[in-house]
Each structure stands twice: as structure tokens, then as C-alpha cells.
Amino acid sequence: MKSFDLDAVVPRLGQRAELVTSWHLRFNGYFPITSFILHDAGATKQPGGQITDADILAIRLPYTEEIIHGHVEPIYVKPDSQLDVGKDLTDFIIAEVSSQECK
């Protein structure tokens, strides 16, 4: 079995934290978008730059559930209880991800 080199795929620790967070949300029924520009700097300030971005933007629509179809019967994946998502609610997340302790 070939080993997986995370350093080769995602070299920066901050990028790894964003990747793990994005997949965690994805496995919990969210549709995540990473590095979403909230305020573009515009051509007059900094070409191609931004003033503000969100590391992750994610939405979870009502009655979303992850189903894994197995050989015998389907497995219904329950969302992480710490996300506290109501089944009949739309949830929207704007997140800044940190690879260190949040202060």
C-alpha cells in the first residue's frame, strides 16, 4: 500500500486546517466553499487582491442527510452533535479557520 504524503499535497499548516474543516463540514451535510472573497480590493488599491475573505463559506439545506449505500443496507450518517443543526433548518456558516489555538 502506497503511503500518503500530506506535506506534498498541502504544505502549509493553515491550508491543512482549512482542508480538514471543509471535509468535516462536507461529511456533515454542508456544501463548503473555501477562500471566498467578501470584499474585493478593486483595481485602484491592489490588482488581484482582496480586503477580506472567509476561509470557509458553507450551507446546509433542510432535510439533508448523508447516506452510504452498502452491500446489505444503507447507512444513515448522523451529523456531529456539536454542530447542533436542526433537521428542518437551513444553516449557513462563515468561518475563519485557525491552525493554532483561537484567542
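**Nonpolar residues at the surface and in the core**

Ile94 is exposed, its relative accessible area being 54%, where exposed denotes over 50%, buried under 20% and partly exposed the range in between (1.4 Å probe, protein chains only). The model is predicted, so that local features need pLDDT of at least 70 and side-chain atom pairs count only at pLDDT 80 or more, whereas totals for chains, interfaces and linings use all residues. Residues are numbered from 1 along each chain as its sequence is written, and side-chain values use heavy atoms, with hydrogens and water left out.

Ile94 is placed in strand β5, strands being DSSP runs of E with at least two residues and helices runs of H or I with at least four, numbered from the N terminus. When residues up to four places away in sequence are not counted, Ile94 touches Ala54, Ile56 and Leu57, contact meaning heavy atoms within 4.5 Å. The C-alpha atoms of Ile94 and Leu57 are 4.7 Å apart in space, although the two residues are 37 apart in sequence.

The largest nonpolar core has eight residues, namely Ala17, Leu25, Tyr30, Ile56, Ala58, Ile93, Ala95 and Val97; such a core is a set of buried Ala, Val, Leu, Ile, Met, Phe, Trp, Tyr and Cys residues joined through side-chain atoms within 4.5 Å. Helix α2, strand β2 (50-60) and strand β5 (91-95) each supply at least two residues of this core.

Trp23 and Phe27 both lie in helix α2 (residues 13-27), four residues apart, which is about one turn of the helix. Trp23 is partly exposed, with a relative accessible area of 45%.
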